[in-house]
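Hi,

Here is the structure I said I'd pass on.

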Amino acid sequence: MSAAEMTGPLVKPKLGRDDWMQRGFMLVIALYLVIALALPLYAMLSKAFSTYAFDLTAFEVQVSDESGGYNTPPVTLAELNADRQIWSKGDLIVGSDGRLGLTDLFPDFSFRSPVMYKFRGVTADDIYLVGSERQTGPEWQEFDSNTFRRLVIRPAKDVGLGNFTRYFSTPSLFQSIENSLLIAAISTVITVTLAFWFAYALARSCMRFKGVFRMIAMLPILVPSLLPGIALIYLFGNQGILKAFLMGNTIYGPIGIVIGSVFFTFPHAMIIISTALSISDARLYEAAVSLKASRWKTFWTVTIPGARYGLFSAAFVVFNLVITDFGLPKVIGGKFNVLAVDIYKQVIGQQNFEMGAVVSVVLLVPAVLAFAIDRQVQKKQVALLSARSVVYEPKPNKVFDRIFLGYSSLVAVFIVGIIAMCQFAALVKFWPYNLSLSLRNYNFDLMDGGGWGAYKNSITMAILTAVIGTVVVFLGAYMVEKTKGFEKGRAAFQALAMLPMAIPGMVLGLSYIFFFNNPSNPLNVIYGTMIILVVSTVTHFYTVSHLTAVTALKQMDTEFESVSASLKQPFFKLFWRVTVPVSMPAILNISIYLFVNAMTTVSAVVFLYSTDTALASVAVLNMDDAGDIAPAAAMGMMIFYTNAGARIIHALASRRILRRSEAWRRSG
Amino acid sequence: MLDAPAPTPKVYLHIEDLWKKFGDFVALREISLDVIEGEFLCFLGPSGCGKTTLLRAIAGLDLQTTGKVEQAGRDVSNLPPAERDFGIVFQSYALFPNLTIEKNIAYGLENEKRPKAEIRARVAELLELVGLPEQGRKYPAQLSGGQQQRIALARAIATNPGLLLLDEPLSALDAKVRVHLRHEVKELQRKLGVTTVMVTHDQEEALSMADRIVVMNHGTIEQIGTPVEIYREPASLFVADFIGAMNQIPAVAETTGTVTINGKVLASDNSAFAKGAKVVAAIRPEDIIPVEAGEAEAIPVQIGDMEFLGSFYRATITCAEMGGVELMVDFSINAVRRLDLSIGKSMSVHLPADRLKVFPAEGG
Ligand SMILES: Nc1ncnc2c1ncn2[C@@H]1O[C@H](COP(=O)(O)OP(=O)(O)OP(=O)(O)O)[C@@H](O)[C@H]1O
Ligand SMILES: [Mg+2]
């Protein structure tokens, strides 16, 4: 309506001291994420798309006769090869440090022959070695036969899909895709089903011992994912006590992976589904009851629709956990190859880094997809959450409650059984022949894998991860959530903070090799140290911590910053005096989450530890690999007890802080 | 009428051609206004009209897109909040939950290298000022909403800012406390003499507290004036309708000083509209005067409905002469008794010419 238009000059904000400091902080933390995440991933991707092949057209040779006279013209190696059909095209594709000797091209070569060779690269970029001496360029050089024997050419780098072509034409490799998808899908269905009924029993029945069940369901979080694998070996392995149950099938393979995966993903699914069930609206149930709907009908028309986002979300999370897990299939997978283990085999076993990178890219696809879908589902769930609903109070029903008590007990026996089996195996002298108990499996120093030093390293690493990680994550979340202006920078930071969730640990670890183990990178100095283990672990578990911090910060009044600024106080005063104390419960949650995961993680660090920085979780893997299964179980149980202890300390600390702040925290 | 205000008032806050856009959405358009030193100014308008946006631009919390803000002669247009001079109270109060009341109030005093004793004395003085001398050791969650509101006020004025900004400071309180606190806040402001800008969407609050009111709609200023001016001489139909009750009757402009409503010619304050222009005639219910039948300019009407509202009756009357137009009219209890008014009864009213306002018809 109004004809007036905005004409004045745009107001450019003058940045205050706080603005500069906040930007500085954000830059530092963004830089951390770039160095610890974006650049390594980039290095990994470029590795996957780098192919190396000997370029025979790039070198020329001229051969003399027996008397040293050159009466044939110089030819390229390609021409020679075309002539003599020595190497096929496939022979020339190699890894980045491939070398090719040339004597094969000369069928009558003899190192004692007086024949002389003139050799050159066509351009300055064409590299060849004489012995270990590096030579380049179009300068002709003359070699006698004995020296020519030691001449090798280096491959040229090219960018393209060559590695992928090779991957997909190697059935033993791409079979893993199907295997990985299959076990992830089966485990997902089983875990989500089991976890749903368990969560349902906790939320909707009046069975007894709910607290105990809830606690037991959380136990698998405290152990490395390979621990159930070890327990399964003892239960169903070649000398397993329950081997007969498998009716001739072997536990080494898909069966073992699926059972172990169900164990270690159960708590994750249970938490998500419990949350979904606890927010469904009691009023809907009352309506259903007043309509005299049967329990069964109520279940399908009220419970399932209300929990569906939770179910989807749990499914994607479980799928992601299983497909990216490395420890379990490594221990119990046998000959059944999966993607995560392939990366390890390519890199550690065959030193084929390019192929490791290719498998990583292949593994990234389902992981990123599952992650992206889960984010969408979560958004919808949040919308559900914000609609205020009434909490459902279950009413006792004898039969119903008994059935669920029985069911929950079965699940609890499964979880406790796996852990107890490990503990028993760790204490038994010589399975299965001498079942008397001893502590000799705890003499880790007698085994390969790092000994008690590895355990100490793990504790150091976990504490450093918890402390440094919490500081970095909380500061980062604060900058994203509570600062003004700089919108694009904040949005980019937020996206970067979400990324680690989608990156499998194996991929992250391999990326770190490519990025940090590069002599031309000044950060190379942290390679092989404790620092790189802490950095990779903080990064690996960044997203969940970040989301916890953001959620806590969102609950705080958005105007605190405005009030503080109006009173001319610097933002860090508010941060110390108000933001941090008020967020203390969340801060403690982040640190225990980081601690526990740092203790149990295997996937990223398995590529990064050195002899000085061996870790307990990796020691479990290595002792198992070396056949020391009982000590592996013993070390696994050490991790379990350490984490259980840390959780108890965490619970006590949280209780204390809550009690001290009771006066000012609004209840409810 | 009131006496004229003090001569040559000093402008403390000057806003010139201020615009604010959120993407393509224009939240503030062409805002220009002056706030006089020591005055209590209210931004009044419906939800979403841009009051908070304007207040935050003044504070530097969310900068305007274009336009100038001058405070005490200093151009502060692009300064961050910390480099401006104001105290602010939000609807949520934003009291720091983990600090005691004393620490909350002392928060802004602490950095000025003041001795502790002085800070303590100032806090005590402020607690006294807002009438809560005994509450210093408690935490915000242990106080009532009204008490929290006063603490937020005390914290905002602790450093003696030149400008006090209040964003709906009373709207989170229940009705009774709200009315009581209106009084207290106004009293405090008068005592301190601090220039104050308050945002509200509650017209009663604005009318009872403000020295001047800025009525806003759709990001523009509709009218600036004292409460009486705004009420008596609304500059637009929007203002007329938003503040108090107003009868609106479609009409046609006649010669200067008259309008026609469905054929009935009435004297009015029309001076701006040419004969034949479509207009809206407007009159407040309390401006319609009951008269004896047969008096000059008496219009016969019939009472359709009557509602007792405590201190007066609000009736709906139908005027046959104006083609059955219905009007709201307020009768004092006295008038009802004197004229023996009741539902269905016929009577006569008078529409004073100076109270019958004429506005352009919407979309006309
Ligand atoms: N950050 C933002 N981004 C986009 N639009 C916004 C933003 N903040 C406010 N607006 C829009 O600007 C308009 C004015 O908002 P403002 O908060 O100033 O209204 P208000 O007059 O204070 O209303 P209320 O009485 O509801 O507080 C609204 O239409 C609002 O939707
Ligand atoms: Mg507002």
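Predicted model: local features only at pLDDT ≥ 70, side-chain atom pairs only at ≥ 80, totals over all residues.

Residues are numbered from 1 along each chain as its sequence is written, chains are lettered from A and ligands numbered from 1 in the order in which they are written, and side-chain values use heavy atoms, with hydrogens and water left out.

**Where A meets B**

On the chain A side, 36 residues touch 42 residues of chain B; contact here means heavy atoms within 4.5 Å. Together the two chains bury about 3,400 Å², with 60% of that on carbon and sulfur atoms. Buried area is the accessible area (1.4 Å probe) that two parts lose on being put together, summed over both.

As for charges, there are four salt bridges between chain A and chain B, a salt bridge being a side-chain nitrogen of Lys or Arg within 4 Å of a carboxyl oxygen of Asp or Glu. A:Lys573 and B:Glu110 pair up in a salt bridge, at 2.7 Å from N to O.

Which elements of chain A give two or more residues to the side that touches chain B? They are helix H20 (560–566) and helix H21 (571–582). Helices are DSSP runs (H or I, at least four residues), numbered from the N terminus. By class, that side of chain A has 17 nonpolar, eight polar and 11 charged residues. Ala, Val, Leu, Ile, Met, Phe, Trp, Tyr, Cys and Pro count as nonpolar, Asp, Glu, Lys and Arg as charged, and the others, Gly among them, as polar.

**Ligand 1**

The residues around ligand 1 include B:Phe22, B:Phe25, B:Lys51 and B:Thr53, where the cut-off is a heavy atom within 4 Å. B:Ser47 has a side-chain N or O atom 2.5 Å from an oxygen atom of the ligand. For B:Thr52, a polar side-chain atom lies 2.5 Å from a ligand oxygen, and for B:Glu168 the distance is 3.5 Å.

**Domains**

Chain A is assigned domain 1 (53–158), domain 2 (174–437) and domain 3 (462–614); the bounds come from an automatic or database domain assignment. The centres of its domains 1 and 3 are 52 Å apart, taken over C-alpha atoms.

Chain B splits into domain 1 (11–240) and domain 2 (245–360), with 40 Å between their centres, again over C-alpha atoms. Nine residues of domain 1 of chain B touch nine of domain 2, and the two domains bury about 840 Å² between them, 47% of it on carbon and sulfur atoms. B:Tyr231, B:Arg232 and B:Leu237 supply 64% of the area that domain 1 buries there, more than any other three residues. Two salt bridges cross between these domains. B:Lys357 and B:Glu233 meet in a salt bridge at 2.9 Å, N to O.

Cheers

Note on methods:
Polar contact = N/O pair within 3.5 Å; in protein donor to acceptor, adjacent residues only side chain to side chain.
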